[in-house]
Every structure is written in structure tokens, then in C-alpha cells.
Amino acid sequence: MPTNKLSLSKLLFDSGLSKKELLDALPLLKVSGEVIGDELEVEVTPDRPDLLGQKGLSKALRAYFTGSDEKLKTNIEPIKVIQDEGTFKQRGYFQGFFVNSVTLDYDDIKRLMGLQEILHRSFCRDRSKASIGIHDAEGISEIRYTVVKGDSLKFVPLGDSREMTPKEILSLTDKGTKYGSLVKDDEFLILVSNKGVMSMPPIINSAYTQVSPSTKKLFVDVEGSDARSVDLITGVMIREMSGYGTISRVMLRKPEGEVLIPQLPEKNYELSVASVSKKLGLSLTGDKVAEALSRMGHCTNLLGEKLDVFTPYYRFDVMGEVDLVEDVMMGLGLKEIVPSIPNTYTIGRRSAVTSLRDKIRERLANLGYVEISMTLLSDKNLQSTVYGKNPINVKNPVSSSYDSLREGLLPDLLQALFLNKKKRMPLKLFEVGPVITKGEGQAIQKITAAAAISDYSVSVEDIQGDLLNVAKRLRLNLNVRPKDLPFAIPGRSAVFDSGWIAEVSPEILLKFNYEFPVVAFEFTATTQFKIDIIQ
Amino acid sequence: MSSERARAILKAIGNLKEFKLETLSHALGIPEATLASALEEMKQKGLIDFKIKEEETYEVTERGAKYRVEGLPENRLTSLLKEKGDMEIDEIKDRLGDEANAAISWAIKKGYAYIKKESGRTIVCFKSDSTDTLDDLLSKNIGEALQRGILRRKIVKTYYSLITKPYDQINPNTITRLTHDDIISGRWKNGMKPYDLSVFPQATRGGKKNFFEEFLSWVREILEDMGFQESLAPYIETEFWNFDALFQAQDHPAREMHDVLYIEGRGKIEDKDLMMRVAKEHEMGWGYSWSEEKASSLVLRSQNTAVSARFLAEHKERPIKMYSVDRVFRKDEIDQKHHIEFYQSEGIVVDKDLSLANLLGFLTQFAKELGFDEVRFYPSYFPFTEPSVEGYVKHPVLGWMEALPGGVLRPEVTRPLGTNEPVLAWGIGISRLAMAMFGLSDIRLLYSSDVDFLLEEDL
């Protein structure tokens, strides 16, 4: 989940809370916070990116404690902003706004850059879906979002002192090499003002619009390939920037006409008080619901039993009633809700498969075996060493020890014997658990049981009786017939309808670095699922 | 014990005044533990008498032997860095494999390398050559060698003050082990050698069910007592059931290759009508073009909510209380706290008129049955529930811990499944709770096959 570092002292000042109040309040807003020196490291849930920023979080806290949020006031800036048709091909969704009368210190700037970076990494999917530019807008009277060829102009990228062409920036700067793959063909997106190039989205800003403590006016742009992400990020940025100055929207001239951006749509829902009460398990009045929603930043009108709810522009997670119900829950506080168990009559029941497993486990433990319980993920070399065929592989394994799904339990038992080699003999181990084998166009999930005895000297007769005992318990007719198996000593193994019994060949044992005789059996207790796999 | 073995042991001891257990074990090819109990048994039978002294020494482990061949990992790292220049951690892992972590941490600790962060990448840089050798460690720095698992402590048992009886001098008429034949033949009347029953061999090792399986079984029992029925579903699952049916957008970060384990090939989405309904929810809710191909990819189930979704699609009777206590798989680093395979305790309740208060009720009751009397709830977020909560329980040692995530399934999840009633749902990381309750600090111990550990009475 996304995390960001905020200034603790500014957060306390802006929200008017004490440190303890603040730390107690954060989890009520789904934020987890950890104080590190004068910084607060916050982690927010993916539905609330607006709480990631210094100002966004303090506004939410203030609303929660004062009972209502401040309403966003915006002006319209008479500066020309133009979007050219050439941009539609790749990052065609463009939003932008000015922030007037800003006062920023170095710490504020650091926080803004931090927020931009974390949004880029998380919600913008490494700038692929959207990217943000924050510029000093002093002296700007016209802005154009357009497309240029890679060697048609030069500008000084942020963090450098040399003039470079867009193409050079891709190869000569860190950001250029990192995000260069987002540029298609020889078409470079450029944001250019009457004073020169402002930025080359989504790669880098130009040096001349760099924000500093003397900056009085900002221009913020968000553009990308995904409209939803662009709108979401714009909402978050407006919410945040409105804490630093006055937001001014602009008329964007596009080839098809003029449009006011950003649109900042307030969503409107009609909420039934009775329905909210029922969903939370409380009996609430309309006023109480309205009060809770207001603390969470919504505006409401109570009309009899119905609430008219206006959800603020930055809340993209709200899709319907249930999202508002959660906000009512948060606005009230979960302490208000008394846990209660309903009178729902049902019968508890264990599945037949688990009961069967339990039955076999019980019996093998009674016969003196110690149960191991290993992972389904296994080492394909160990599996194929024993069974002589390839198991189903994991496409993106973490390590070779867990790169496939086990086909049987014997490899795990042999490995367990090896790990206990220095212990007192005899060793008697068993497992009853899932395996997955390859079928014709299918993966077959089964529950298998296996047991092994190892001692200084041991004979297959020593385990035959135990197999018979288990078979009797399960009412299995074994129908055993001798058959050589790849992992068994020739002439010392047999199969039955659902499994095998054998003395393991020393060749296999030595591959497990194990030098004591082992006798074992393994059988399929039940086939659980057949999963179709189309290659 | 067979008389052949006793004879072999006595023969091997011969006229020795003392011997080390280890030496005799090698000579006879009998494991030390087996030999020690054989000697005790012979002592009881009067075939031998001895005293035992124990000394602690050290022995080189398999890892030590490996280092002898390959060199110390930090040395391998420094020469690698010297040769190739600074490297990213992942690159080092590719080259040094399992030893990469040890190599990096020891090289840094000893000042042969240092770490720098550069635009989000962690880079290991060369500082100086390592002058350590394995022999230095073994001779001068035993503490470090033990810590790193190069040496291990070993108890050497020496048997001394030996008095042995030649096997053939034992009175053939004095019976040691009484047999059926002795009783029939009357030979028992010749007298039987007394046993010293104050001397005990090691305790008998019996069979035992696995502690973690038993814990899971106990959790199942609790849920069954609360009226829940168990449901099972395949571990290899389509993304459709694992994610799409749970309203997780197809570009949701949790669906990426670095979070989920994938299986080669594609699966089948059986119910096409259901699939279209799910697709519609995605396209309306998230505003993108939904892909059947993506949804058909196969994953190892990463959340047991997939089991609930399948159950809801198949069961129309009401009310429903379903649970699943089963394995899930995630792509992750394996360490003390994380594993790629662990267990989730999933539950759903479906009935008309259920409320959030009821969800809190079930979670509180479940916690109570597990032995946690204090529970606190905070709001939370999960892609498929709204409202969502996280329950914290108070552990006597560890304090408040995150334990009970749950919520009410979103209408975007239930609508396509044809469920009109509220569905309370939770998915509890039961492996972590097991660790807390058994006082284990390493999740890998849940899959231990060490018999001494598994037979501990506390487990």
C-alpha cells in the first residue's frame, strides 16, 4: 500500500490536534501512521489517495474533528491553454489548473515532490497511466500541449545545465533512460509556454519552471493514457494544492472546441436513512447520518427519510450506497456499533474430504508414525528424481525449492528422513495431504497418504501390516500385485488399485544423501478436482 | 537387541579402557543414538559396565564443508564486485544464489562493502578486499562460526572405567531375557539375572499428529460449532475466480507477476453468462475493456475469497454459513515472517437482513473461541468488501495484533453471482495466528519436519 512521509509539526498545526489525538485519529480514517523524528510516515488504503498528501490529510482530519469540510472555491484563469490534436494519439487526456497566491517553503516543496513521486509510482503505475507536472507559472500567458519530433528543439531538463533535444534527454538523463520506453515512435509530448518548454511529459520537467520558495503562482498539469487515472490524480492534486493557494481553472482549447478543466464533478446520491441503519445494524436518525457523512467530507440535505448526498470531487472510490454506508460507519466510529450474532440457524459440517484425511491421520499416528505437513509447492528436481517425470511447474517461481507442484509425498518424506538422519532410529513418518498430478489436458488435485519407516535395518514386511491396517480402516480392498517402480529396489515393490508399497532403492536414497534403508507406501485417498488446462 | 549385535559390540570394544561413542559408532556402522541405547541395555544385562563423561566440542557443518570448497561468501562477493564493479542486490542473488544474503550482510558488517540507494535501486559497492579465511574463523572466531552455522556444538561422549564380560563367560544358565521356551522348559528355575530398573533408556517415541494440522482442525471445529459448513475448491484457479469475480480490476496491482504465482496454460470459465455479468460490472465500475483471455490465466489461488465466490455461485439455499481453512499462495520473499504458501480461514454468512454489527459479532465470537477476549475494530479497505473492517486482538505477549479482516461483499461482487442478500465475509491469516498462539517467531517452523521439534509436548 502507498506510503508517504509528512511533516509532523505542520500536520499538527494545520489540523489543530495534539500528537496523541492525531495518532488516535489516523486509524479511524484508515490511515496507519508511524512517527519517525519530526516526520510522520503514513500508509493509506488504495481507495483514499487524497489522504497521502500533507494538506489532504490535515483537511480530512480537520473535517473529522470540526464536523464539516471546507468547500472548494475556484476562479477561472484567463490564460490560454491549448491542446493539439497530435497529443490524442498517446497521452490524450489532459487536465491542468493554476494555483495563485501560494507561499511555499523548502519543506512544502519537498512534500509536494514526495507526493508527486509516490502518486507516479503507485496510482499512475510508474507514469504509464498518468503523470503530473508542477511548474512555477510566473510570466506565463499561454500554454500549449503538443507533439514535436525528437530533434526539433532544445531545452534544459530539470536537474541539468545543458540544453538537450528530446532525443538526447532519453539517452543522457536518468529519467530519460528510465521512462524513455513510454515515448512512442519519434513523437515527443511537450508542454510549452510563451517563455519556452515547460516539460516533456511523462519524462521530465524543464529547468526554468522549477518551483522554489519565491514561487507565487503554480501551474499543475496531469496527462496520460487513461482518463480515469488522469481524473483521479487531478482530484487528488486539486485537493492538496488548495491547501497552498487558490485554485484557478482554465478554458482548454481543443480542436473540437473549448472546455472548462478540471471539471470537478460532484457526485450526487440519494440515501435512505432506514437502509443505512439496517446495513450497519443500528437505529439512526437522519441527522445522525448527515452528521457522520459531513465529518467525512460529504454535503447533505435531509429530506424526510431520504438524504441527498453530495460527494466531493476527489472521492473516486465512491461508487454507490455501500461506499457511503462505510463513510457513515467511519463518521460515527466503529465503537458505536455493538457486535451481535444473528439468530441464523445452520448446521456446521466438515467436508467429506477433510473427514477422510482426519481418519487416515488418526490411524497412522496411532500406529506410531509422526505426522509432517509440508507445502504443495516443491522442488521439481526432487519430484522428478523420485517419480521419473516432470511435475506441473510454476511459471514465475521464487526459488528452485518451490518451482513446481508436488505429484506425490515420497520426496518430502525422504527429505524429512534426511533432516532427521542424526536422530534415534527407527524413524516413522507420514503425511496426508494434497498433490497435483498431470492428466490429459488437466491437472488432477488429489489427497494422498504416505508413510515411511527407516532404521539401521528394515524390511518391507515391517510396513505391510500398517498398510493393511489403514486399508481395513478405510474398507479398501487392496488387490496387490508385484510391479517394479522407478524408485524401488527391483523385485521389492508392488502396486494396488490406488497406490504402491516398496523398499526404496539405495540409488534414490543416496540422491537424498540418506544412507539408511527405507520402506514406504503411498496411496490416493481421494481425487478432489480435475482442472482443465489449455496449452 | 539381538545377541549378534551385543557380541559385535563387545568384540569391537575388546580390551579398550575407554572409547568415544563416535569412534565406536563409525567402526560398527551403527548410528550413535542406537549404539548408546544398545550399550545401556547391555549394561542392564550385566554384559558391560561403564561410566560416561560428556565434553562439548565443535564440528564443521555441511555449510562449513561447502565454504571450504567455494570460499567464504563475503570473499566471493568482494572478488565479484572487484571484477564486475558495483552490483544490484538481485544481480548478486543471481550469481551467489542462496549465499547472496549471507555474503552481503557479512561483507557489510566487516566493512568490505557498503550499500547505496540510487533511484530506488539498492546497490552493493566494493570497499576493500576481504582477508578472512575459513581457517581463521574456525580457529579464532568460534562465536561467529557458530552464529553462521559453519560450526555446530557437539557433545562427545566418552565411555570409561570399562568392565566387559567375555560373552562366552556369562553363565548360560542365568537367564537375562525371559522367553516362552524358558517358561515351558523350566529353565527359569535356574535363576534370572536381576535388572537395575532405576536405569532408564531414552523415552519411547510414539506417533503424533502434526501440531499445525491439529491447530487447523481445531479452527475447523470452532467454525463447525458456530454452524459453518466446510467448502473446498481447487488450488489451481482461473484469474476469473481468484480476481475478476471479486471485482478486482484486471490491472489491479495485486494481479501482477510479482505478487501471484502463475501456472502455464489457460483455464476454462465454465459459466459464460456469469462471465458476461462479471465483465459488465468491471466495464461499468472501472471503465476499461475487460479481457476474457486475462481472466482465463491460471494462478495458484492467492485468496480463499475465491472459494467463497465459487460457493455463492453454486448455492442458492438460504441461510448460508460457509468456511474454508485452506492453503493460499503468494509470490513473496521467504523469511521469518513471510511464506509463499500459508493458510487462510475464510468465512461467509448469507441471509436477509444481515448487518455490519453481525459481522463484528461473528468475528468477535470467533476470536473469543480462539482465546482472545479483547477485540477492537478499525475501518479498513479490501477490494471486494464495503464496508470493510480490520479486527485487532490482544495477545498476552505480543500485544494488539491485526488479525480479523472482514467486510460485507460489494454489490459488484454479489450481483453477478445472483446473490441479493447481504454477504458477510472474512479471510483470516490463520498461519500468523498459529505462530502467535504457539509462540513461534518463524513461519517456516509450521512446515518443520524435525521429529524432536514435532514431538515437543508444548506443540
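Which residues of strand 13 of chain B lie on its covered face, and which on its uncovered one?

**Entry 1: conventions.** I note that this is a predicted model, in which local features need pLDDT of at least 70 and side-chain atom pairs count only at pLDDT 80 or more, while totals for chains, interfaces and linings use all residues. Residues are numbered from 1 along each chain as its sequence is written, and chains are lettered from A and ligands numbered from 1 in the order in which they are written.

**Entry 2: strand 13 of chain B.** I looked up strand 13 (residues 375-379) of chain B and found B:Val375, B:Phe377 and B:Pro379 on the covered face, with B:Arg376 and B:Tyr378 on the uncovered one. Strands here are DSSP runs of E with at least two residues, and helices are runs of H or I with at least four, numbered from the N terminus. In a regular strand the side chains alternate between the two faces of the sheet. Strand 13 of chain B runs antiparallel to strand 14 (residues 385-395) of chain B, and five bridges join them; two strands pair if DSSP finds at least two bridges between them. Opposite B:Phe377 I found B:Gly391 in strand 14 of chain B. A hairpin of five residues links strand 13 of chain B to strand 14 of chain B.

**Entry 3: a sheet in chain B.** I then turned to an open sheet of three strands in chain B, with the order 1-6-2 and antiparallel pairing. Strand 1 (19-20) and strand 2 (48-60) of chain B are at the edges with a single partner strand each, so one side of each has no neighbour in the sheet. Strand 2 of chain B is joined to strand 6 (residues 151-164) of chain B by 12 bridges. B:Lys51 stands opposite B:Tyr160 in strand 6 of chain B.

**Entry 4: a sheet in chain A.** Chain A also holds an open sheet of three strands, in the order 1-3-2 and with antiparallel pairing. Its twist averages 25° from one strand to the next. Five bridges join strand 1 of chain A to strand 3 (residues 39-43) of chain A, and A:Ser7 stands opposite A:Glu39. I saw that helix 1 (residues 8-15) of chain A lies across strand 1, strand 2 and strand 3 of chain A, at about 75° to strand 1 of chain A. Axes are lines fitted to C-alpha atoms, for helices over the stretch in contact, and angles run from 0 to 180 degrees between N-to-C directions.

**Entry 5: two helices of chain A.** The axes of helix 11 (residues 352-366) and helix 14 (residues 461-473) of chain A come within 10 Å and cross at roughly 145°. Among the residues that meet are A:Lys359 and A:Ile360 in helix 11 of chain A and A:Asn469 in helix 14 of chain A; contact requires C-beta atoms, placed from the backbone, within 7 Å. By class, this contact has three nonpolar, one polar and three charged residues. Ala, Val, Leu, Ile, Met, Phe, Trp, Tyr, Cys and Pro count as nonpolar, Asp, Glu, Lys and Arg as charged, and the others, Gly among them, as polar.

Entry 6: Where the chains touch, I found 80 residues from chain B and 79 residues from chain A. Helix 16 (residues 356-370) of chain B gives the most to the side of chain B that touches chain A, with eight residues. Chain B is divided into domain 1 (62-147) and domain 2 (212-454), with bounds from an automatic or database domain assignment. Their centres, taken over C-alpha atoms, are separated by 40 Å.

Terms used: Contact = placed C-beta atoms within 7 Å. Buried ≥ 20, exposed ≤ 12 C-beta atoms within 10 Å, placed from the backbone.
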